Amino acid sequence: MKSTLIKDTTREERLKIIQEALNCDDSAGCENCSGCGVFGAGDPFDMYRDYIDGKREIKEINMAFISRMFVRGR
């Protein structure tokens, strides 16, 4: 599997990675389940815009999202 790190990809490759991972690149892939909005992510392409634009890695975005959704027990 090829690296998905920003340093190893072009913007076009990163966009394709997100499209394939989310399977939301066209109406045939998206089931319009509203799952992205239900979990507070909104438009998944907005959520991953920093990755696509080469500003933050996927892992950083995912960790920031998860940290908003889950709180560690005491």
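**Notebook: Thr9 and its surroundings**

I started with Thr9, which is in contact (heavy atoms within 4.5 Å) with Ser3, Thr4, Arg14, Ile17 and Tyr51, leaving aside neighbours within four places in sequence. Before going on I noted that this is a predicted model, where local features need pLDDT of at least 70 and side-chain atom pairs count only at pLDDT 80 or more, while totals for chains, interfaces and linings use all residues. Residues are numbered from 1 along each chain as its sequence is written, and side-chain values use heavy atoms, with hydrogens and water left out.

Next I looked up where Thr9 lies: it is in the segment before helix H1 (11-22). Helices here are DSSP runs (H or I, at least four residues), numbered from the N terminus. The side chain of Thr9 reaches the backbone oxygen of Leu5 at 3.0 Å.

Is Thr9 buried or exposed? I found it buried, with a relative accessible area of 10%; buried means under 20% and exposed over 50%, with partly exposed in between (1.4 Å probe, protein chains only). Buried residues make up 19% of the 74 residues in the protein.

Then I checked the fold. I got five helices and zero strands. Of the contacts with a separation of 6 or more, 54% join residues 24 or more positions apart.

Last came confidence. The average pLDDT (the predictor's confidence in each residue, from 0 to 100) is 80, and 66% of the residues score at least 70. Where pLDDT is low, the predicted coordinates should not be read in detail.

How values were computed. Helices (H or I, at least four residues) and strands (E, at least two) are DSSP runs, numbered from the N terminus. A polar contact is a pair of N or O atoms within 3.5 Å; within protein, one must be able to donate a hydrogen and the other to accept it, and residues adjacent in sequence count only if both atoms are side-chain atoms.
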